[in-house]
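Let's take a quick tour of some strands and how they pair up. Have the structure open while you read.

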Amino acid sequence: MNKYNIQMRRSFTYIKFLCLLFVVLVSCNEDRIDENAYGKIIGKAVIEGTNEPLQNVRISTSPVTSTVFTDNAGYFILENVPAGEYSVLARLDGYLARYEPATVIANKTVNVIFDMEVSTANNRPPSAPELLMPAENEVIDGVEALFQWSSIDPEGDPITFELELRNDQNDVVERFDDLNDTIYLYPELILGAQYFWQVTAADEYNPPVLSPVGTFKVKPAPIENRFLFVRNINGNNVIFSADEEGNEFQLTSENTNSYRPRRNVAANRIAYLQTTGAQADIYTMNRDGTDKVKVTSNVKPNGFNLNEINISWPPTSDRIYFPVLDKLYRIRSSGQDLELVYQTTDGSLISEIAVSENSDLIVLKTNNLSGYDISIFTIDFSGTVLDTLITGLSGGAGGLDISVTNSKIVYSYDVDGFEPLDYRRLNSRIFLYDIVTNTTTDISGEKPNGTNDLEPIFSPNEAFVIFTNTSNDGISQKDVYQLEIGDSESRTLLFENAFMPDWE
C-alpha cells in the first residue's frame, strides 16, 4: 500500500474519531440540561371525611426544596421544584402528618391532595353525665318517667349515651343504648318500686365515663279510685283515675292518645280507646295502669267521628261492645270470639252504646254521616229492635247511659238544633228518659249560659249524674261536674281540665 493510501486511511479514522467525540459531548450536554429542569407541585389539604379545607398546613418535601403553607381555602403551590422523585409532607397541630409521593417533570404541574385525619393523641373524654331528672329520691306519681341528664365533650365530639335501669322488685336490668339525646321517656314503671339508674357517655376515642347512680321511687297505685276521666296533654288524651278527695293518678302515657275509659267491676280492669293515626283500637289495663292489652285487630271501632263514639263493658260481662259505622260488634276482653250483633236497616251510623247484659237489653244512639238526625232505641242480644225511644232529633247529641233497673236512660243533646259541619253545639243539656212512662225530663237545671253539658253517666247509686261542662266556643277548658238528679242547684265541680268521665 502506498503512502498516499495510508495517509488517507489515517485521515478518515481521525475524522470518525472527531465525529464520535462530538456526539458524546453533545449527549453529555443534554443530560446536564435535564438535571437543571423545573416543575411545579400544587394541591389542597382537607379534613378527612368532610372535605373541609384546612388553613396554615405546613407543606414541605424530601429531598428538601422549599416550604409553604396552605391558604384559607386549603390550597398550596410549590414552584421551581427540580425534576425528580419527592415525598411531600403535610403537618398541622391537631392532625396526623400526611406523606404523598410526587414525580416532578420538567415544565409540568403535579397535583397532590392531603386528607388530614384528626389526631386523637390528646383527645379528652366527655364529662361524667350529671343526672337531672328524676331528682334524687323523687317520688313519681304515675307509670312513666322522663329521664334527663347532661354531659359535655371538651373537643365537641359527638357523644353516645347508654341508660341503665334497675328496680328492687325483680332482677331485670334494662339498657337503652345508642342514645344521641340527653332525654329519654320510659313509660312502664312498676308502681311502688324503687329504681336505680345510671348513664354512660362515650365519644369515638376514649373509654366510656359513668354518672353517679341515681335513685327514685314510684308511688303505689291507688287502685280503689272510683272516678275515671280524660285530660288533654300536649295534644294527646290521657286517662286518669281519682278518689273522692280529688287525688289523681295518671294511667296512660302522654305519648299515646287514649280516651273513653270504662271500668269493669268483675274483671277489675279498664277498657278504653286508643288511636294510631286515623284508626282506633280497644285496649284494657289494670286499674293501676299496668298490663295494657290490645283487644281488637282487623275489625276496629269506627264512626262519623272517632272522638264522638263510645264503647260499653257491662259490669259483670267479659264482652266489650263497640260500633263500626252501621254495625254493632262485641268481643271478649281476650280479643277472641268477635261477633256481629246488629246492623242498622237505614244505613245510619251507631255512635254510642249502653248495655245491660243481665236483662238482654242494649240501648243504641244512631246518627247520619254528619252526626245529626239522632235516634235512640233498644234492641235485644239477637239484634231485634224492641222499642224506639227518640227519633229524628235535630242537633248534636252525646253521652248515653242506662240505669241498673233498665228503666231510665240519660243522654244530652243540643236543644238549639244547631247543625254546623264542624259538629259544634250551642246549648247542650242533659235529659233523663223514663222507659216505663215514655217521659223526658231536662235535669241540667241552672246550666250557665253559653255552655254545654255533655257525656252524662249515672253515679253508682243513680242518685247523681257525672258529666262534662264546657263553653260552647269549642275551644275552652272542659271540667267534670256532678249533679243530683231532681236538685237543679246541686251542680258541683269535681275535676278541672277533665272530660269523658266514668264513675263505678
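**Strands side by side**

Seven bridges tie strand β36 (residues 464-471) to β37, and the two run antiparallel. Keep in mind that this is a predicted model. As background, strands of a sheet pair through backbone hydrogen bonds, either parallel or antiparallel.

**Around β37**

- Is strand β37 (residues 478-484) largely enclosed or open? Five of its seven residues are buried, so β37 is largely enclosed by the rest of the structure. "Buried" here means under 20% relative accessible area.

**A four-stranded sheet**

- Now head over to an open sheet of four strands, which come in the order β27-β28-β29-β30 with antiparallel pairing.
- Which strands sit at the edges? They are β27 (349-356) and β30 (385-393), and each of them pairs on one side only.
- On average, neighbouring strands of this sheet are turned by 15 degrees against each other, ignoring direction.
- β27 is joined to strand β28 (residues 361-367) by seven bridges, and these two strands run antiparallel.
- To spot a facing pair here, find Glu352, which stands opposite Lys365 in β28.

Methods. Residues are numbered from 1 along each chain as its sequence is written. This is a predicted model: local features need pLDDT of at least 70, side-chain atom pairs count only at pLDDT 80 or more; totals for chains, interfaces and linings use all residues. Side-chain values use heavy atoms; hydrogens and water are left out. Two strands pair if DSSP finds at least two bridges between them. Axes are lines fitted to C-alpha atoms, for helices over the stretch in contact, and angles run from 0 to 180 degrees between N-to-C directions. Buried means under 20% relative accessible area, exposed over 50%, partly exposed in between (1.4 Å probe, protein chains only).
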